[in-house]
Amino acid sequence: MLENLLTASLFILAGILLYRFHPAILRGFQRFDAQNRARIQAEIRDRSDALAHFRHTLSLAEEQVEEVGAVSVADERTGLPVTRYLFEGETFADQRDATRAREDKVRAVARGFYVDLPAALAARKGDGKLGR
């Protein structure tokens, strides 16, 4: 009897919580569905795009490189607070310079992937080709 009462109470509590939070839950499912549909569409587009591999390589390299950060420091001459931009421990006065340094790093990481690619293909069993 106590077990039935506990089960019914938990079921009612779950219903109340579901009713209360269903908009947030539905938004999460819709966001997930939209991301999944966009990913599938991108995969379909990539099948006919000869440059898709380069785009994917650059996106993977971007994930491996840290972002440009903004910090507020005192100006060396006036002592007033100014914004400086940090990338990999180096300070830049201009955000464009910091972003350019980050982009150079991303390209270097991607280039390194292609430098290592022949050795990785040679290490594969078989003919070393990327065929299907």
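Let's start with Thr57, which sits in helix α2, residues 52–64 (helices are DSSP runs of H or I with at least four residues, strands are runs of E with at least two, and both are numbered from the N terminus). This is a predicted model, so local features need pLDDT of at least 70 and side-chain atom pairs count only at pLDDT 80 or more, while totals for chains, interfaces and linings use all residues. Residues are numbered from 1 along each chain as its sequence is written, and side-chain values use heavy atoms, with hydrogens and water left out.

Is Thr57 buried or exposed? With a relative accessible area of 7%, Thr57 is buried (buried means under 20% relative accessible area, exposed over 50%, and partly exposed in between, using a 1.4 Å probe and protein chains only). Leaving out residues up to four places away in sequence, Thr57 touches Ala110, Phe113 and Tyr114 (a contact means heavy atoms within 4.5 Å). With Tyr114 there is also a side chain to side chain polar contact at 2.9 Å. For that term, a pair of N or O atoms must lie within 3.5 Å; within protein, one must be able to donate a hydrogen and the other to accept it, and residues adjacent in sequence count only if both atoms are side-chain atoms.

## The aromatic cluster

Rings of Phe, Tyr and Trp (its six-membered ring) pair if their centres lie within 6.5 Å; planes under 30 degrees apart are stacked, over 60 edge-to-face, and the rest tilted. By this rule there are two aromatic pairs. Phe54 and Tyr114 have ring centres 5.5 Å apart and planes at 45 degrees, so this pair is tilted. Phe54 belongs to helix α2 and Tyr114 to helix α3 (residues 95–123), so the pair ties together parts 60 residues apart in sequence. The other pair, Phe113 with Tyr114, is edge-to-face, at 5.1 Å centre to centre and 75 degrees between the planes.

Ring pairs therefore join Phe54, Phe113 and Tyr114 into a cluster. Each member is partly exposed: Phe54 has a relative accessible area of 44%, Phe113 has 36%, and Tyr114 has 27%.

## Helix α3

Helix α3 runs for 29 residues and spans 42 Å from first C-alpha to last, close to the 42 Å expected at 1.5 Å a residue (the expected span is 1.5 Å times one less than the number of residues). There is a bend of about 35 degrees at Leu117, with Pro118 following within four residues. The bend here is the angle between axes fitted to the seven residues ending at a residue and the seven starting there.

Which residues of α3 are buried? They are Ala98, Arg102, Val106, Ala110 and Leu121. These buried residues pack against α2, β2 and β3 (90–92).

Arg84 lies in strand β2, residues 81–87. At 16% relative accessibility, Arg84 counts as buried. Not counting residues up to four places away in sequence, Arg84 touches several residues, including Asp75, Glu76, Thr91 and Phe92.

Glu88 is in the loop between β2 and β3 and is partly exposed, with a relative accessible area of 43%. Setting aside neighbours within four places in sequence, Glu88 contacts Glu66 and Lys105. Glu88 and Val68 are 20 residues apart in sequence but 8.2 Å apart in space, C-alpha to C-alpha.
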